[in-house]
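Let me put the structure up, and then we'll walk through it together.

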Amino acid sequence: MDWARTGEEAPRVPGLRLGERLASFLRRKLGRDLQTEIVMECRRAFKEGWRDVSLWSDLPAPYGRHLPERVVELLLARLLYQPGMKVLDVGHANGMECHRAMLRSIPCPRDLTGIDIAAPAYDTSAYYTSSIRASIDATPFADGTFDLIWCISSLEHVGMDNSAYVEGRAAREATPEAALSEMVRVLRPGGSLLITVPYGRYEDHGWFRNFDELRLQKLLDPVRPRIGVTELYYEHTAAGGWSAADKRRLQSVRYGDQDNAGAAALAALLLTNPA
């Protein structure tokens, strides 16, 4: 199995615009060493037999010590995939090496569609059947198009300052609620939608938000009557890495508390469309 985007607030260096801070962050934090460590940890979990979605209430122990939330997100995304699924990957344009390695690892037949407001930063043809430039709150897809949707650390950017990605899109009126409604619309009966977002105390970092309980439930409440929702929560500690957590323990957790190049806590939402 060939497992080879993590998120963190771009450091606020005086005099630097958001785009420059983002570029600085990417150079500093997302080098090949970190990407390789994420890939190797995901591969280790998979080799050790961690392949049953029913085990999501826990993680291998220890798992992902000193690594960002992507090490959890990519494992969950990979566990949901079955050969032949028609998959939508939300926010694919700046997917980094660990994400692309996960895509390379999934067995054929593959039918992956990427969607993003930004132009891809790499050649997507090796990974995706099609790459669509559009907002996730207003897609060109018909109802019930996809068997599986991955929205991995993307929803926290919806409606925020996206000027570092797309010129002139700093104040777009999209909302996470509209994006979720649209993803539910294009999910086929019996299909699954995985959403992951940084979680804990609410924080506005300009280009992304750290979700809290109030805002997460506001997001989910409109779709609960028509789709099944499973909420899972994880936290990182220096000693044990990533593990399942009671969300009540995470209310005061800040984004960079664990100095692991990303979120200190994560919400993973599995939405299942009734067949």
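Before I go on, the ground rules. This is a predicted model, where local features need pLDDT of at least 70 and side-chain atom pairs count only at pLDDT 80 or more, while totals for chains, interfaces and linings use all residues. Residues are numbered from 1 along each chain as its sequence is written, and side-chain values use heavy atoms, with hydrogens and water left out.

We have 6 helices and 10 strands in the protein. There are 275 residues, and 54% of them count as buried; buried is under 20% relative accessible area, exposed is over 50%, and partly exposed is in between, using a 1.4 Å probe and protein chains only.

Now the sheet. In what order do the 8 strands of the open sheet come? Reading across, that's β3-β2-β1-β4-β5-β10-β8-β9, with mixed pairing; two strands pair if DSSP finds at least two bridges between them. At the edges are β3 (130-133) and β9 (241-244), each pairing on one side only. Ignoring direction, neighbouring strands in this sheet are turned by 20 degrees against each other on average.

Zoom in on one pair. Strands β1 (residues 86-90) and β2 (residues 111-116) run parallel and are joined by 5 bridges. V87 has L112 of β2 opposite, and L88 has T113 as its bridge partner in β2. As for cover, 5 of the 6 residues of β2 are buried.

What lies on the sheet? Helix α3 (residues 70-80) lies across β4 (146-152), β5 (187-198), β8 (228-237), β9 and β10 (265-272), and runs at about 180 degrees to β4. Angles here go from 0 to 180 degrees between N-to-C directions, with axes as lines fitted to C-alpha atoms, for helices over the stretch in contact. Helix α4 (residues 97-105) packs on the sheet too, touching β1, β2 and β4, and its direction makes about 160 degrees with that of β4. Contact, by the way, means heavy atoms within 4.5 Å.

And how do α3 and α4 sit against each other? Their axes come within 11 Å and cross at roughly 20 degrees. So α3 and α4 are roughly parallel to each other; the cut-offs are under 35 degrees for roughly parallel, over 145 for roughly antiparallel, 65 to 115 for roughly perpendicular, and oblique for the rest. On the α3 side the contact is made by R70, L74, A77 and R78, and on the α4 side by C98, H99, M102 and S105. Helix α4 is mostly covered, with 8 of its 9 residues buried, including E97 and R100.

Helix α5 (residues 176-185) and helix α6 (residues 213-220) have axes that come within 9 Å and cross at roughly 40 degrees. That makes α5 oblique to α6. P176, E177 and L180 of α5 meet K218, L219 and L220 of α6. In α5 the buried residues are P176, A179, L180, E182, M183 and V184, and their cover includes β1, β4, β5, β7 (209-210), α6 and β10.

Last stop: the loops. A134 is in the loop between β3 and β4. Is A134 buried or exposed? A134 is buried, at a relative accessible area of 17%. Setting aside neighbours within four places in sequence, A134 is in contact with I115, D116, I117 and P140.

Most residues other than glycine have a negative phi, and most peptide bonds are trans. P62 is in the loop between α2 (32-47) and α3, and H66 lies in the loop between α2 and α3, with a positive phi near 70 degrees. D259, in the loop between β9 and β10, has a positive phi near 50 degrees. D259 counts as exposed, at 65% relative accessibility.

That's my tour, thanks everyone.

Conventions
Helix = DSSP H or I, 4+ residues; strand = E, 2+ residues; numbered from the N terminus.
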